Amino acid sequence: MATGFDPSGRLPDFFTSTGTSSFTQFLSQAAPELLPGRRPLPPGLSADIAPHGTTIVAIATADGVVMAGDRRATMGNLIASRDIKKVHPADAYSLIGIAGTAGIGIELIRLFQVELEHYEKIEGAMLSLDGKANRLAAMVRGNLGAAMQGLAVVPLFAGFDLAPAEGVGPGRIWSFDVAGGLYEETGYEAIGSGSLFAKSALKKRYRAGVSTEDAINLAVEALYDAADDDTATGGPDVIRKIYPVVMTATANGTHRLSDEEITTVAERVVAGRHENPGG
Amino acid sequence: MAMQFYASPEQVQRDRSEYARKGIARGRSAVVLTYEGGILLVAENITTLRKISEIYDKIAFAAVGRYNEFEALRRGGVRMADMVGLSYDRRDVTARALANTYTQTLGAIFSETQKPYEVEICVAQVGATPEADELYRITYDGSVMDEPGFMAMGGQAEAIATVLRDRHDATAELTVALALASEALGSVGGENGQARQLTDKQLEVAVLDRRRPGRAFRRLTGAALTTLLGHESVSDADLGEVDAAPPAPSEGKPTESAASETAEGTEK
């Protein structure tokens, strides 16, 4: 029996009370130890105890958004993982990627996925895209204490807006800061240690209304540029055939590019760099 | 001191049972049955308040009786399922565990409180084959029954179940199963014992789709439901989504909160 249950096997009162439609709010009552922000941390800076995830890029396209992440996790000067997946679907129409302390980031993603699905099931309707972004900001805010001790995690959130306001593109992107600040971005955004280089690459190449196919290329190119100049970002690994995770969110829902699809794109990018290393 | 009248425990239980049964019988009925492609849940329901809903990947919930009472149980079930799924793994959420919790909860309410819940609920879990499907009926007093592929709940459930018992076929197509469900629900409640023809406006329909990976629950509404009721099949892709779309942005009101607007105004 999981934590939070009555030993008699009955549903405790707070399970059946009206309460809210938020799963995290429910957990704070039923099983606060399952929430990442509630754990006591030893004093001092703990930045180097766990692996760090690095660069994520997101691009708004004519039909939605594309999000891509490299596959590297680092611990100081070591490579902790070559094939970590840092971009995930948040629900049927939105994507989330994380940079920072990998463990807390993965937990945040899991919790956020349940949060969105839980709301959908309780209310019988999906949250608006703005609502999802606000909810994620609140969850990042809950981690502020740990962030100040070096266990910071910052997500990138993007999705296809099923009911957009006028003049707002179907694809929308939000970035966050460790304090839970929420910023809607136009066009493209990158987070993580290689984001400076990825964003510089995108600045020169991005055009509003780009097609999804072109945006996938742009994203992989931008990650290549990030890996070129940032040691914590992994480039395409042609030896082991490890390529970035690329996902799209459009009117048809979220989709992760298959191994064949991403291999084709990544190999083309690498071949292009043989001609011109600067891209 | 006022005189206390003695009521035997048997009498008290009987009274409570009768009270709960009467309450349940007042409402419209629901049926749940397996078919070749999954489990079909159909309730007679003209309101937008739902009797059928999703609990987890392979698990659905259907109920009849008092709305506020089964809605509380449904919420509890969703919360429990999501918590177990987060603590362990998505595969570890089972209908049997949920049915156990419901039977304990309803049993306690029946024997310990003045007023029993006037509800009857079904917890359904779809498996890889019709034989692997699980249907649990949990009644107001906390008794639980494992049903053999079909069940009816609510007022005149016996009569409805008779129709299902004669004609239920676990290898039937969705259209055939839906026609049977709608006929069974329409077989009672007509004037002078006549059968009623139920339309898509009177039915709340959902399926647990055996073949769909991940969340198997699909609500059938609108065009897809009308087509199916007309004995025509609908492609899997048009079976409808998990649930409704998000609310549309309202006119004249900003869709962003004041906080995010302030944040956007500042230079980052």
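**Note on the predicted model: chains A and B**

1. Thr54(A) lies in the loop that runs between β1 (52-53) and β2 (56-60) of chain A. The model is a predicted one, and the UniProt annotation "active site", taken from an unreviewed entry, covers Thr54(A). Because 29 C-beta neighbours fall inside 10 Å, Thr54(A) counts as buried. Leaving aside residues up to four places away in sequence, Thr54(A) touches Asp70(A), Arg72(A) and Thr74(A), then Ala99(A), then Gly192(A), Ser193(A) and Gly194(A), and finally Ala232(A) and Thr233(A).

2. Two helix pairs in chain A share helix α7, and they are taken here in turn. Two packed helices are described by the angle between their axes and the distance between those axes. For helix α7 (residues 212-229) of chain A and helix α8 (residues 259-275) of chain A, the packing angle is about 55° and the axes are 10 Å apart. The two helices, α7(A) and α8(A), are therefore oblique to each other, and α7(A) passes α8(A) in a right-handed crossing. On the side of α7(A) the contact involves Ile216(A), Asn217(A), Val220(A), Glu221(A) and Tyr224(A), which meet Val265(A), Ala266(A), Val269(A) and Arg273(A) in α8(A). Sorted by class, this contact of α7(A) with α8(A) has six nonpolar residues, one polar residue and two charged residues.

3. The second pair brings in helix α6 (residues 195-205) of chain A, whose axis comes within 7 Å of that of α7(A), the two crossing at roughly 140°. That angle makes α6(A) oblique to α7(A), since only values over 145 degrees count as roughly antiparallel. As α6(A) passes α7(A), the crossing is right-handed. The residues of α6(A) that make the contact are Phe197(A), Ala198(A), Ala201(A), Leu202(A) and Arg205(A), while α7(A) contributes Leu218(A), Glu221(A), Ala222(A), Leu223(A), Asp225(A), Ala226(A), Asp228(A) and Asp229(A). By class, the residues in the contact of α6(A) with α7(A) divide into eight nonpolar, no polar and five charged. Glu221(A) is listed in the contact with α8(A) and is listed again in the contact with α6(A).

4. Backbone torsions deserve a look at two positions, one in each chain. Most residues other than glycine have a negative phi. Lys241(A), although not a glycine, has a positive phi of about 55°; this residue is found in the loop between α7 and β12 (245-250) of chain A, and Lys241(A) is exposed, because 12 other C-beta atoms lie within 10 Å. In chain B, the phi of Gln156(B) is near 55°, again a positive value in a residue other than glycine. Gln156(B) is found in the loop between β8 (150-153) and α4 (157-167) of chain B, and with 16 other C-beta atoms within 10 Å, Gln156(B) is partly exposed.

5. As to its overall make-up, chain B has seven helices and ten strands. Of the 268 residues in chain B, buried residues make up 46%. Among contacts in chain B between residues at least 6 apart in sequence, 63% join residues at least 24 apart.

6. Tyr140(B) is found in the loop between β6 (134-138) and β7 (144-147) of chain B, and with 25 other C-beta atoms within 10 Å this loop residue, Tyr140(B), is buried. Not counting residues up to four places away in sequence, Tyr140(B) touches Ala20(B), Ile24(B), Leu106(B) and Phe110(B), together with Pro116(B), Tyr117(B), Glu118(B), Val119(B) and Glu120(B). For Tyr140(B) and Asn45(B), which are 95 residues apart along the chain, the separation between C-alpha atoms is 21 Å.

7. Val144(B) has its place in strand β7 of chain B and is partly exposed, with 18 other C-beta atoms within 10 Å. Once residues up to four places away in sequence are set aside, Val144(B) touches Ala99(B), Thr103(B), Tyr136(B), Arg137(B) and Ile138(B). Val144(B) and Leu106(B) are 38 residues apart in sequence, and their C-alpha atoms are 10 Å apart in space; Leu106(B) is also among the residues that Tyr140(B) touches.

8. Ser111(B) belongs to helix α3 (residues 95-112) of chain B, and with 14 C-beta neighbours inside 10 Å, Ser111(B) counts as partly exposed. The C-alpha atoms of Ser111(B) and Gly142(B) are separated by 9.4 Å, and the two residues are 31 residues apart along the chain.

Definitions and conventions:
Residues are numbered from 1 along each chain as its sequence is written. Chains are lettered from A and ligands numbered from 1 in the order in which they are written. This is a predicted model: local features need pLDDT of at least 70, side-chain atom pairs count only at pLDDT 80 or more; totals for chains, interfaces and linings use all residues. Axes are lines fitted to C-alpha atoms, for helices over the stretch in contact, and angles run from 0 to 180 degrees between N-to-C directions. Helices (H or I, at least four residues) and strands (E, at least two) are DSSP runs, numbered from the N terminus. Angles under 35 degrees count as roughly parallel, over 145 as roughly antiparallel, 65 to 115 as roughly perpendicular and the rest as oblique. A crossing is left-handed if the near helix is turned anticlockwise from the far one by less than a right angle, and right-handed if clockwise. Two residues are in contact if their C-beta atoms, placed from the backbone, lie within 7 Å. Ala, Val, Leu, Ile, Met, Phe, Trp, Tyr, Cys and Pro count as nonpolar, Asp, Glu, Lys and Arg as charged, and the others, Gly among them, as polar. UniProt positions are given in the numbering used here, feature names are shortened, and annotations may be inferred rather than shown by experiment. A residue is buried if 20 or more other C-beta atoms lie within 10 Å of its own, exposed if 12 or fewer, and partly exposed in between; C-beta atoms are placed from the backbone.
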